[in-house]
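Reader: Please show me the sequence and the structure, so that I may ask about them.

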Amino acid sequence: MAFLKLEGISKYFGRSTAVDTIDLTVDQGEFLTLLGPSGCGKTTILRMVAGFESPDAGKILLDGENITNRPANKRPMGMVFQSYALFPHMTATQNIAFGMHIKKVASDTIQQRCAELLELVGLGDKGPSYPHQLSGGQQQRIALARALAIEPKVLLLDEPLSALDAKVRVSLRNEIRRIQQQLKMTAIYVTHDQEEALAISDRIAVMAKGKIEQLDYPEEIYSNPRTVFAATFVGSSNRFEGILQLASEGIVKVENHILRVPGNTSLANGARVLVLVRPEEISLREADTLSSETDNQISGTIELRTFLGPFTRFHVRVNDTMLLTADIPSQQARDLSVADSVAVTFPSTACQVLSLENQQIEANQITAAETI
Amino acid sequence: MNTRSANGTALQAERTAQGKKPRQGTGFGLDKVVLILVAIYFLVPLATTLVFGLSDGSSFSMNGVTSIFGDADFTGTLLLSLELAIASTLLTVLLVTPTAYWVQLRLPRAHPLMDILALVPFAVPAIVMAFGLIEIYSASTPLINVLSLGLVPFLTNVVNIVNTPPLLVCAYVIIALPFVYRPIDNNLRAINTRVLTEAASSLGCGWWRTFLTIILPNIWPGVISAALLTFSTAMGEFTLASLFGLYTFPIYLNVTGQNDAHKAASLTILSFLITLLCVLGIMLLARVGRGGAGKTRQLDIVVAK
C-alpha cells in the first residue's frame with residue numbers, strides 16, 4: 001500500500017533536467033534509499049518531497065492526499081541535513097523542542113518528549129549543551145531527534161553521514177536504522193555511498209541522470225543488477241565485453257576466450273553483451289592444476305597483491321587489455337604471490353549478462369572510469 | 001593572539017636550540033610599542049581638548065562647562081540629534097535586515113545589485129544628495145510626480161517634508177546603507193542562512209517566525225554593529241543638516257566653536273562621552289542578544305568618526 005507516491009515528477013534547472021518523469025512509491029514504515037552519483041537528481045527529489053523545491057511536472061501524494069503545492073512548513077515531514085543545521089543559539093533540548101513549540105504542544109509534554117528523544121538517540125546527558133560543544137556525530141543525533149520530535153509522517157535524510165568520519169558513520173547508520181525500525185517510521189534516505197545504501201535500506205532506487213535505473217531490494221541490486229549503470233555503481237565488478245554466440249546455452253565470446261554464462265533467451269544471438277563477475281566470485285589456482293570442474297577458466301599472471309585484512313585483492317593480468325580483480329579470503333591467499341602464473345576460475349552462475357545494444361555510451365563511460 | 005604566542009614559542013624553542021637564553025615574557029615587543037603609539041595618537045588630541053576646555057586661557061576654570069549647561073541650545077540641539085540618530089538607526093535596521101535576508105534566501109541574483117546600491121552613497125557626495133532631495137521635494141516636476149506614483153507631490157504639498165527632520169532621517173538612511181547592509185550581509189553569509197531556514201521550515205515554522213527566532217539571534221552581532229555605525233554617523237553628520245537648515249548638535253558645535261573656543265572644547269568632550277555611552281549601551285544590548293550561545297563573536301565595528 002503506497003504511503004508516499006510520486007507521479008511523473010520532473011524538475012528542470014534552467015536547461016538541464018535534474019529529475020526526469022520519475023514515478024516512485026514508498027510504503028508505510030519502509031526505508032527507501034535514493035542512491036546515485038552527485039548530480040543524479042536524488043537530492044532534488046528529496047527536496048521536492050520536503051517542499052523546498054516545487055516540481056515542474058507531476059504530483060506528490062501523501063496518504064492519498066495531494067501535497068504537491070503545499071508549503072514546506074505545512075508538510076508533515078522531518079528533515080535531517082548533511083550539515084546538521086542545528087540552530088547554533090539554542091541548546092540541544094531547545095533545538096529538539098523547537099518544532100513542538102511551533103505545533104503548540106503543552107510544555108510539560110515537550111519536556112518529557114525531549115528527554116525521551118535524547119535518550120533514544122543516546123545523548124541523555126547532552127540536553128543543556130550547545131551545538132558547538134558537540135561533536136559532528138552528536139550534532140547529527142540531535143538533528144535526528146529534532147526531526148523526530150514533530151512526529152513526522154515521513155523522515156527525510158539528505159546524506160546525513162557524509163560529513164562524519166568513517167567509524168562514526170557506521171555506528172550512526174546502525175543507530176538510524178534501529179530507530180527507524182523501532183518507530184516504524186517511513187524514511188527516504190539520500191546517499192552516494194553504495195555500502196551505506198546496501199546496509200541500511202529496505203529498498204534502493206539506483207539513480208543516474210534524473211532517472212531511476214533500478215528500484216529493488218539491496219540483495220537484488222547487488223547480485224542481480226538490471227542495468228550496466230546499476231551493476232557498475234554498486235560494488236565493483238570485472239567486466240568482459242563480448243558477443244553472445246548462443247543465447248540459450250549461454251556462450252559468450254570475449255576476444256579469443258569463450259565464457260559460459262547462464263542461459264538466457266531474452267537476448268538474441270549475436271547481441272553485444274557485457275559480462276560482469278564480482279571479484280569475490282573468482283578463485284585463483286596455480287596454473288598447472290587446471291581442472292575441468294569449473295565453467296570458466298582464464299590463465300594469467302598476478303600483477304599486484306593487496307592485503308586488505310579479511311581478504312586479499314589480486315590484480316591478474318590476462319593480456320594487454322584484460323586485467324582482472326579477484327578477492328580471495330586471506331587464509332587461502334598465502335601461497336599466491338606477485339608474478340605467479342595462475343588460472344582464474346569462476347562458475348557460470350556468477351556471471352551477470354547485460355545487453356550493450358542500447359547502452360553503448362554508458363558502457364564506454366564506465367570503461368573509461370574503470371577500477372574502483 | 002594565538003598565532004603570536006605560537007610564534008613566540010617557536011622562536012623561544014629556536015633560541016634555546018641555539019644555546020641562547022630564552023627571553024622572558026615581560027619583554028617590550030614591537031607590538032606593544034605600536035599599541036602605545038596608536039594610543040598616543042588617539043588620546044593626545046582628546047586630552048589636550050579636555051585641558052583646553054577646562055581652562056580660560058591662563059588658569060583652570062569650569063566656565064566653559066557651566067556655560068554649556070546654561071545654554072538652552074545645548075539641550076535642544078542634542079535632543080534633536082539624538083532623535084534623528086535613533087530614528088535613522090531604527091528605520092535603517094528595520095528596512096535592511098529583512099531585505100538582506102530575503103535577498104540571501106530567495107533572490108541570490110539580486111546580490112550584485114544590492115552591492116552596488118550599498119556603494120552608491122559613498123560615491124555620491126552629501127552635498128549632491130542634499131540638493132537632489134531638496135530639488136525633488138520642493139519643485140513640482142510632472143515626470144517625478146508620475147514616477148513616484150504621487151508619493152512625491154503628497155510628501156511635498158501635504159506633509160510639507162522639505163527641510164524637516166523626517167526628510168533628513170530618510171537621507172541618513174541612504175547614507176547609512178553601506179554600513180548596515182555590509183555587516184548584516186556578511187553575517188547572513190556566515191551562518192548558512194538557507195539551510196537553517198529550511199530546517200526551521202521543515203519543523204513547521206513560517207517565514208517571519210524563522211526570521212525573528214532563528215536568523216535574527218544568529219546575525220545579532222552584525223545588526224548591532226550596523227546600528228552602532230548608523231547611530232554615530234547620524235549623530236555627527238554636518239553637511240546635510242546644515243543644507244537642510246536644521247539646527248542639530250554638530251551645527252551647534254560649529255557655531256559655538258566660532259564664538260568661544262574653550263566652550264567648544266568642553267562640548268567636544270561632552271559629545272564624545274555621550275557617543276561613548278550610547279555605543280556602550282548598544283554593545284551591552286549585543287551581549288544580551290547574543291544570550292547563552294557562548295561563542296565569542298567579534299563585533300566587526302569600524303570606528304567611523
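Reader: Which helices of chain A do the buried residues of H2(A) pack against?

Author: This is a predicted model, in which local features need pLDDT of at least 70, side-chain atom pairs count only at pLDDT 80 or more, and totals for chains, interfaces and linings use all residues. Residues are numbered from 1 along each chain as its sequence is written, and chains are lettered from A and ligands numbered from 1 in the order in which they are written. Helices (H or I, at least four residues) and strands (E, at least two) are DSSP runs, numbered from the N terminus; a residue is buried if 20 or more other C-beta atoms lie within 10 Å of its own, exposed if 12 or fewer, and partly exposed in between, with C-beta atoms placed from the backbone. The buried residues of H2(A) pack against helix H3 (107-120) and helix H4 (136-149) of chain A.

Reader: How many of the 11 residues of helix H2 of chain A are buried?

Author: The buried residues of H2(A) include A:Ala92, A:Ile96, A:Phe98 and A:Met100. Helix H2 (residues 92-102) of chain A is largely enclosed by the rest of the structure, because the buried residues number 8 of the 11.

Reader: Which strands stand at the edges of the open sheet of chain A, each with a single partner strand?

Author: The open sheet has 5 strands in the order E13-E12-E11-E14-E20, with antiparallel pairing. One side of each edge strand is left without a neighbour in the sheet, because each has a single partner strand; the two are E13 (257-260) and E20 (351-355) of chain A.

Reader: What is the bridge partner of A:Ile251 in E13(A)?

Author: Strand E12 (residues 251-254) of chain A is joined to E13(A) by 4 bridges, and the two run antiparallel. For A:Ile251, the bridge partner in E13(A) is A:Arg260.

Reader: Where in chain A does pLDDT stay under 50?

Author: pLDDT is the predictor's confidence in each residue, from 0 to 100. Chain A averages 88, and 94% of its residues score at least 70. The stretch where pLDDT stays under 50 is residues 360-372 of chain A.

Reader: At what angle do H4(B) and H12(B) pack?

Author: Two residues are in contact if their C-beta atoms, placed from the backbone, lie within 7 Å. Among the residues that meet are B:Leu84 and B:Val93 in H4(B), and B:Phe211 and B:Ile215 in H12(B). Axes are lines fitted to C-alpha atoms, for helices over the stretch in contact, and angles run from 0 to 180 degrees between N-to-C directions. Helix H4 (residues 72-106) and helix H12 (residues 207-236) of chain B have axes 9 Å apart and pack at an angle of about 145°.

Reader: Which helix gives the most to the side of chain B that touches chain A?

Author: The contact takes 18 residues from chain B and 20 residues from chain A. Helix H11 (193-202) and H12 of chain B each supply at least two residues of that side of chain B. With 6 residues, the helix that gives the most is H11(B).

Terms used:
Two strands pair if DSSP finds at least two bridges between them.
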